[in-house]
Amino acid sequence: AGTRVVVDAVPSHPAEPAAAVAGWGLLLVLVGGLLSFVSGQRRGRGGEWALFAAASGRQRKARPLEAVATPSSPTPNAPGAHAPNIQLPEVLAPAGGWDSLKAAVNAGADAVYFGSEAFNARARAENFRTEELPEVMAWLHARGVRGYMTFNVLVFSAELPEAAALLKQCEAAGVDAVIVQDVGLACLARHVAPRLALHGSTQMSITSVAGVAQAADLGCEVAVLARELNLKDMAAIKAGVRDRGLSTRLEVFVHGALCVSFSGQCLTSESLGQRSANRGECAQACRLPYGLIVDGQVQDLVDERYLLSPQDFFAWEQLPGLVAAGVDSLKIEGRLKSPLYVASTTQAYRQGLDRLEEDPEALPTPQEVEDVRQDLGLAFSRGLHSGWLTGIDNRRLVDARWSKKRGPTLGRLLARPDEGWLWLPARVRQLKNGDGVVLEVPGGGPFEAPREVGGRVMAVRAGEKGTQWVRLGPGHINLRGLDRGAPCWITSDPQLEKAWQKLATNEKAPQPTVLALAVHGRAGAPLELQCQCPGQAPITVRSEALLEPATGRPLTEESLQKQLGRLGGTGYALGNLVVNLEGDLFLPVSTLNHLRQELVAQLAANATAATPVTSTTPDVPTATPLPAWPVQRSSLSGLLEEARSAWDGAPLPPDEPQLHVLVREVAQLDALIPLGDAGLVQRVYLDLENPKELKAAAAQGKGHFAQGCFVTGARITRPNEKWTMDPVANADADGFLVRNADHMERFTAMGIPCVGDFSLNVANPLSAAWYRQRWGLTAVTASYDLAIDQLEGMLEALPPGVVEVTLHQHMPMFHMEHCVFCRFLSDGHDFTDCGRPCEKHTVELQDRSGARHPLRADLGCRNTLFNGTAQTGAEHFTTLYAAGCRHFRLELMAEDAAAAVQLVHAYRELLDGHRSGSSLWQELKIQSQLGVTGNGVTRGSLNADTHNPWSTNHR
């Protein structure tokens, strides 16, 4: 009788679906524990760790890591592999170049994300050359690490061929996923590189289940949530995703710089300097000083001048809450930062997760949390804070006293310098020789940055009662101006940096590829060795010698495992071994060795000849199923033809140019009604600060405008904020101006026309067509990131009348969860205790040039800072009309009735051909000089220089 023995040399994990992993018991715990925490009840340090311990009381199955389609999947016993009792998210680290990529892997990253020299949101990073992608992915896969490439920018029409080529190169190089922002790019990827996995970038402004579902509709396996969400929001989104039967994984940022504006919705760099943040060219205007103007009066904020600069994100203390909420990936920001920063932050979050895995009840002490905060603050920080994870706290989010790298605070100078010695607190950190220290001397005005005084610690001696005396150097340090109370920070710790340097540069060796072997044989036949290697077709090798009946020691599972497992130095390791021999058989050891060597040679030959595949190739197991559409390739020209035909059946516009006006006050609507009756204005959009006025205003406007009275709502909808859409839905308007996925889900189902607003970021014909096909939009507003040539290119690729262009507006720059009203006009922390100063005061922010920019708060307390200078595209009207634009928008800001009517008449004359764009521009300039239109009028972004660091078409 034969014997069949299975030997698990390396244990394997069963492939469990993500939804089955977490279980409803965890969700119930979240409802009772996590939700109360984020509602404002503070548990003190270790609160989330205690919550996690409670939530993890039931045994839970492990979520398998997504398979890497390469001959080198990590073994479960290797560093970074996880025990089967906790569902751990991946640690996703940034890589601005080779040094940072290696530092991330050495420090324990499960995956890294990086950009190429084109199409990524960190144009200033070192990035990788396209031809390096195969080498990058081979290096990562050899170490069991996944690699995601950022493609997270808007793509203009003329760039679609270049984008298609890069997508194909990513697919061929074995990139595990590309991170996309542009809807049209996602559509393009599905057709030209269908085996390439997609992740929806945070630039998609994903703040709700509807946003995740839209990303899933586009083919995204992962959705990167907005940084502004808290733990409660994340848990609600995770539950909603499961309720919809989606397998989309959720990724969140946990560390690094925080943008004050919602990603994908910041137009400040575009508006002020024609440098689009949606194109990787953010000018970091949020890090600049601003003055506060309240009811026309300049406010003295003493040393608070960086009103829009958040502290950096630090979520290490919230790791248990993130795990309990069901987050699948923890992302560290920092592609522009050093390899030492990458190594230190990656190691900290890796160790934090490993600690949870080993013992969920081993809570860190307050001192341990502070030690991690201090160390990571030295790697890079503008101060470290939990951001919005534990709820809104506007006072802590923005310190306002600095906006650049500082490090951990030491406190304040205790007295004036005494013969070169500085008297400092020692309770936070005891300094040592070589440490870097910086202090500040106050600036002379609201826009003058403080003068920095700093150096290395050359000598230190203990003071009394938790203090220390320090002398800085090398050489003479000018301490002039320093006085008692000057803030002080530690900026460098050479010992710590030495350890990080060693971690970053101690290159991790490739992991062996785990082989599954099966041995078959009978007397008189060759020994047959079958091999299954990840990423390769099965291999079978046979011995030249025939098996003989054993007269002495027969072949056993132990002897076969010993001989076949001698794979050291080959890059392979023996995993599962199946032995199926008929009776006691013998084969010389030399023959077994030769058989093993032949197998390794065949594996190496196949690996060299194999075409890299991605993590979603059908023959490779993955935690997320393939998209529902068939794997087929289409030409770009065919897609563009389909994009044009997608608008068949859309309402045909008149050939004459149509003027649409967005109003923000009921008085402006009153002034426009006679103009609508006279045929001068074809449509109005009601964007009122008080939603309670919408229904009455819509009733007032209906019947006076040929193309209707439309209403709109907030740009952002968070979980449990559907109530903010109720006044819009109940306004009984003629149509909707939709601004996000929640709007489209709700309003397009109501059977009346819907127009997509600028916030959808439509920059090419493929994006426009997708919104038409998926949601049935009757038109879309062109992205505000387009210059005239890019706008013309999109218009010409689509039928006339399907794209609306905003000709005149005060561009919305920052759109923020951060509330400036609460932070600087109250002693409160959020809307519950701020006293609602937004309802009592008019606020402007003044920039360094002296320009004043109006600030508004919406229904959800989100702030929008508008450019105080209006932008006009009047000079381009003829070009836009010739390219097919028929709908032109004029957006009012704070104009009174007379100014609104005057402005409408001026643009109506332009559209009717009674005046030129240049004459209107000149008139608007004259009006601004006379103070009629506020801060003035500019040609704005439509006239931007088309120079770009990585594409001749790209601004």
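This is a predicted model: local features need pLDDT of at least 70, side-chain atom pairs count only at pLDDT 80 or more; totals for chains, interfaces and linings use all residues.
I'll pick out a couple.

Start with Trp 402 and Trp 489. How far apart are the ring centres, and at what angle are the planes? The centres are 5.1 Å apart and the planes are at 75 degrees, so we call this pair edge-to-face, given that anything over 60 degrees counts that way. What I like here is that the pair links distant parts of the chain. Trp 402 is in the loop between helix H13 (394-397) and strand S14 (409-412), while Trp 489 is in strand S19, residues 487-492. That puts the two 87 residues apart.

And are they buried or exposed? Trp 402 has a relative accessible area of 8%, and Trp 489 has 2%. The cut-off for buried is under 20%, so both tryptophans are buried.

Now, Trp 770 and Tyr 771. These two also form an edge-to-face pair, with 5.4 Å from centre to centre and 75 degrees between the planes. Trp 770 is buried, and Tyr 771 is too.

Next, a group of rings. Which residues make it up? Trp 98, Phe 114, Phe 128 and Trp 139, and together they form one aromatic cluster.

Arg 461 has its charged end over the ring of Trp 421, at 4.2 Å from the centre. Then there's Lys 331, which lies over the face of Tyr 113, 4.5 Å from the ring centre.

That's my tour, thanks.

Conventions: Residues are numbered from 1 along each chain as its sequence is written. Side-chain values use heavy atoms; hydrogens and water are left out. Rings of Phe, Tyr and Trp (its six-membered ring) pair if their centres lie within 6.5 Å; planes under 30 degrees apart count as stacked, over 60 as edge-to-face and the rest as tilted. Helices (H or I, at least four residues) and strands (E, at least two) are DSSP runs, numbered from the N terminus. Buried means under 20% relative accessible area, exposed over 50%, partly exposed in between (1.4 Å probe, protein chains only). A charge sits over a ring if NZ of Lys or CZ of Arg is within 6 Å of the ring centre and within 35 degrees of the ring normal.
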